[in-house]
Amino acid sequence: MYCCRKVTDDLFWVGANDRKLARFEGVYAVPRGMAYNSYLLMDEKTVLFDTADAAVAERFFENIAHVLGDRPLDYVVVHHMEPDHSATLGALLLRHPGAQIICNAKTAGLIRQFGLPAAADGAMIVKEGETFSTGKHTLSFINAPMVHWPEVMMTYETAEGILFSADAFGSFGALDGALFADEVDFDRDHLDEARRYYANIVGKYGPQVQNVLKKAAALDIRMLCPLHGFVWRSDIAKILEKYSLWSSYTPEEKGVVIATGSVYGHTDNAAEILSCMLREAGVRTVMYDLASVPAADVVAAVFRYSHLVVASATTNNGLFVKTEDFLHDLTAHNIQNRTVGIIENGSWAPVAGKLIRERLAGCKNMQVLESGVTIKSALGDAQRAELEALAAALKESME
Ligand code: FEO
């Protein structure tokens, strides 16, 4: 049975939610599910903005059929060809053979690559700045390359100031009936998932997001309609400001993420003592055990806070494997502008500290503190002073 929501008088949310999905993109745990947003404009011409993931095809097509009633679908705007939005494009065109695709030239190439050459041949190819009237509404097209694939395009609806923003401004999590961000306590219940989504899905492409934010600043945006997560119709400046911080790799707040890769607990012990010292000094800390917390969650925390401490065991003359995974993920997402402290452990040949420095060397503006701690097996009494020195250096670097 259809399950839609009205967005404006002429615009309807016809997307669908998947609460059975274990891992988005095969990697990211989504315990609160995933929303695949699609929007249908009912003007003199009917226009669908993006299709949806194959897993939600049944509900998606029911929703379109309900909103269209006895009218045909005239156009489908394809903003992004990643299959979480395009996997049902072929099936849509079978159901609505009169519908014409509107997309840019790069998208047409991907439509061919994904096995729909005839649809690509018949597409209306648009360029940035071109407009298209559907009757009462005018659509203007904006390229947004690498947010988060090269072909990505956004559409700005000029009459009501609606930006169809593709993956940008999205979030992990299914929509539980609430469609608009102002229908929930976003900061309390959803900001963390929006950050985790940003850091892991779009985080690598900060400069490209900054380019889109510059384009957005020239528009009168009264509504943001992303492909995942909530629609924004109020407080739009709040999510734009978060994107400005995240995409410029600017911390949201002062605090220390302590990420520990500990085999038998001695490295973790040192990290926890450091965390106690920092807390006693009034510094906010958050600890993650890299062996049990997904790297994606820790990456998101690093996007939030100003400082990072990596505490790691040495194994096989290298980094503890979970520390290696985390640093790979962190640097792959282009992290910058953080102050870093290091605790290393190694019973006979500690090399973790050297390797952590090497892994972070390619990141821009990462200040690794000179004060570090080397543990051989377990922490000795004399080393409390080294931890105190590290805590003091971390605190001082925040002031
Ligand atoms: Fe939600 Fe890049 O796809």
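A cavity here is a set of points, on a 1 Å grid over the protein atoms alone, where a 1.4 Å probe fits but cannot get out, and its lining residues have an atom within 4 Å of a point. The structure is a predicted model, in which local features need pLDDT of at least 70 and side-chain atom pairs count only at pLDDT 80 or more, while totals for chains, interfaces and linings use all residues. Residues are numbered from 1 along each chain as its sequence is written, and side-chain values use heavy atoms, with hydrogens and water left out.

A search of the whole structure finds one cavity of 30 Å³ or more. The largest cavity has a volume of about 30 Å³, where a volume is the space filled by probe spheres set on the grid points, and points are joined across faces, edges and corners. The lining of the largest cavity is made by Phe-169, Gly-170, Ser-171, Phe-186, Ala-194, Phe-230, Trp-232 and Ile-239. By class, six of the lining residues are nonpolar, two are polar and none is charged. In this scheme Ala, Val, Leu, Ile, Met, Phe, Trp, Tyr, Cys and Pro count as nonpolar, Asp, Glu, Lys and Arg as charged, and the others, Gly among them, as polar.

A pocket, by contrast, is an open set of points with protein on both sides within 12 Å along at least five of seven lines. The largest pocket holds about 310 Å³ of space. It is lined by 17 residues, and Ala-313, Thr-314, Gly-346, Ser-347 and Trp-348 are the closest to its centre. Helix 10 (266-280) and strand 19 (305-315) each supply at least two residues of this lining, and strand 19 gives the most, with three. Helices (H or I, at least four residues) and strands (E, at least two) are DSSP runs numbered from the N terminus. The pocket lining has five nonpolar, 12 polar and no charged residues.

The helix packing comes next. Axes are lines fitted to C-alpha atoms, for helices over the stretch in contact, and angles run from 0 to 180 degrees between N-to-C directions. Helix 7 (residues 191-202) and helix 11 (residues 295-304) have axes that come within 8 Å and cross at roughly 100°. Contact means heavy atoms within 4.5 Å. On the helix 7 side the contact uses Asp-192, Arg-195, Arg-196, Tyr-198, Ala-199 and Asn-200, which meet Ala-296, Asp-297, Val-299, Ala-300, Phe-303 and Arg-304 of helix 11. These residues divide into six nonpolar, one polar and five charged.

Helix 8 (residues 206-217) and helix 9 (residues 236-247) cross at roughly 145°, with axes that come within 9 Å. Gly-206, Pro-207, Val-209, Gln-210 and Leu-213 of helix 8 make the contact with Leu-240, Tyr-243, Ser-244 and Ser-247 of helix 9. Five of these residues are nonpolar, four are polar and none is charged.

Helix 12 (residues 321-332) and helix 13 (residues 352-360) pack at about 20°, with their axes 10 Å apart, which means that helix 12 is roughly parallel to helix 13. The crossing of helix 12 and helix 13 is right-handed. Glu-324, Leu-327, Leu-330 and Thr-331 of helix 12 meet Ile-356, Arg-359 and Leu-360 of helix 13.

Two backbone details remain. The peptide bond from Val-147 to His-148 is cis, with omega near 20°, and His-148 lies in the loop between strand 13 (138-143) and strand 14 (153-157). Asn-365, in the loop between helix 13 and strand 22 (367-375), has a positive phi near 55° although the residue is not glycine.

Key: Angles under 35 degrees count as roughly parallel, over 145 as roughly antiparallel, 65 to 115 as roughly perpendicular and the rest as oblique. A crossing is left-handed if the near helix is turned anticlockwise from the far one by less than a right angle, and right-handed if clockwise.
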